[in-house]
Amino acid sequence: MSGHGEAQPMTATKSGPLRGVAEVPGDKSISHRSLIFGAMAVGETRVTGLLEGQDVLDTASAMRAFGADVIRHGQGEWSVHGVGVGGFREPADVIDCGNSGTGVRLIMGTMATSAITATFTGDASLRKRPMGRVTDPLSLFGTRAYGRAGGRLPMTVVGAANPVPVRYALPVASAQVKSAVLLAGLNAPGQTVVIEKEPTRDHSERMLLGFGAELTVEKTAEGNVITLTGRPELRPQTVAVPRDPSSAAFPVCAALLVEGSDIMVPGVSQNLTRNGLYLTLVEMGADIEFMNPREEGGEPVADLRVRFSPDMKGIEVPDERAPSMIDEYPVLSVVAAFATGKTVMRGVKELRVKESDRIDAMARGLEACGVRVEEDEDTLIVHGLGAGGVQGGATCATHLDHRIAMSFMVCGMASKKPVSVDDASPILTSFPVFEGLMQALGADLSRG
Ligand code: S3P
């Protein structure tokens, strides 16, 4: 598991054309939620296409610790025998969520309105991340939380024995916070209301409806007003997890940058709360064809044909697009380095509190590869060098962050000189087959 084992350096060298089909694994957000919602239902939920990355495996262990029966039947095929809303038992040991902010925040929300106590921890990256954004709204239900200074893990959460429903306007655009409040609202009597000014990924809302909760989303001048009626009996579901558009971003961007590439990436989500990167790439001049649009696992998806695109131009990414591409800025900043002109990314300060400070990690690594970068607290600007123009020849620090590791591997595949990362092991949290999948397309990746 990342952060616990030895660092595993990895190097990407200028690669020949990428060709073939990139079948990326299941969506991380939906995988976490299928285990957690399955644990809240009465009876057996079946899941196919589950992402078997460490983040999701840690959530599976946590659900077992709270009393659900979580069983792996085969590759991506799992079942969850849920305990029902309010049915969690007190875990006998500390809950270790590893590297996963989504895992810990959603699970805190889920247990927050039951009369049980749990202590949460995680790896060195997760222990630096702010939990107050979740425990503040949870305190409105009557939940108490005792963590380290600054609301950091390890943290003990004492669930509310007599929760009251809440009305909460999100101060940051965060699907994790929204979901934590909705999950807590499940076991509070009456109606819990969450208001989000900017729409964030809506998997919790879609899945709660699928599991039989009473939930409405009203679009108003204040933003989306989400109303959940507490104490439903959730019905077990069959969940087919669609492929992860955030993981698909890596082969897609690699194919755009590596000369002569022409690949297919099937089943990429076109959910409007997740597709901001794809809109941005097309605006930059990327050659992406969106084929065979359809529904899979309740999500709109398309097959992407992606070809080498030597004439991409830098653009100003609209601020309001940030929530729909928040995890894709690191790899976008690599694409920007190979475009002509500057790419301006504003309104991105949330990147500073992800698995690492992603603005800092990308800025330092790109500079080491010969790219000019400007940054402030809320902004990243990359001055592109054009196709094939990036020098490379650097070792970049990943700071226990899977997306930083994969972004610099994409950079190395198209740079003049190889690019290394000090530790590629965090890739296992979200995209365990990254190395083999990219090599099968023709990427030159090696250990060390
Ligand atoms: C996620 C929400 C996002 C995203 C994370 C997954 C989710 O985090 O960065 O990778 O599954 O709800 P924030 O809610 O903090 O923006």
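Colleague: Which strands form a hairpin with three residues between them, and which residue in the turn has a positive phi?

Modeller: Strand 8 and strand 9 form the hairpin, with three residues between them. Strands here are DSSP runs of E with at least two residues, and helices are runs of H or I with at least four, numbered from the N terminus. The turn residue with a positive phi, about 75 degrees, is Gly150.

Colleague: What kind of model is this, and how are residues numbered?

Modeller: The model is predicted: local features need pLDDT of at least 70 and side-chain atom pairs count only at pLDDT 80 or more, while totals for chains, interfaces and linings use all residues. Side-chain values use heavy atoms, with hydrogens and water left out, and residues are numbered along each chain as its sequence is written, from 1.

Colleague: Over how many bridges do strand 8 and strand 9 pair, and what is the bridge partner of Ala145?

Modeller: Strand 9 covers residues 152–158 and pairs with strand 8 in the antiparallel sense over five bridges; two strands count as paired if DSSP finds at least two bridges between them. Tyr146 has Thr156 as its bridge partner in strand 9. For Ala145 the partner is Val157.

Colleague: Which residue in strand 23 stands opposite Thr11?

Modeller: Strand 1 (residues 10–13) and strand 23 (residues 419–421) run antiparallel and are joined by three bridges. Opposite Thr11 stands Ser420.

Colleague: How is the chain divided, and what distance separates the centres of domain 1 and domain 2?

Modeller: Domain 1 takes 10–26 + 242–447 and domain 2 takes 28–227, with bounds from an automatic or database domain assignment. The contact involves 24 residues from domain 1 and 26 residues from domain 2, where contact means heavy atoms within 4.5 Å. Taken over C-alpha atoms, the centres are separated by 29 Å.

Colleague: How much area do domain 1 and domain 2 bury between them, and which three residues supply 25% of what domain 1 buries?

Modeller: About 2,000 Å² is buried, 49% of it on carbon and sulfur atoms; this is the accessible area (1.4 Å probe) that the two parts lose on being put together, summed over both.

Colleague: How many salt bridges are found across the interface of domain 1 and domain 2?

Modeller: The rule asks for a side-chain nitrogen of Lys or Arg within 4 Å of a carboxyl oxygen of Asp or Glu. A search of the whole structure finds 31 salt bridges. Across the interface the number is four.

Colleague: How many residues apart are Glu23 and Arg243, and what separates their closest N and O atoms?

Modeller: Glu23 lies in the loop between strand 2 (19–21) and helix 1 (28–40), and Arg243 in the loop between strand 14 (238–240) and helix 7 (245–257). The pair is 220 residues apart. In their salt bridge the closest N and O atoms are separated by 3.9 Å.
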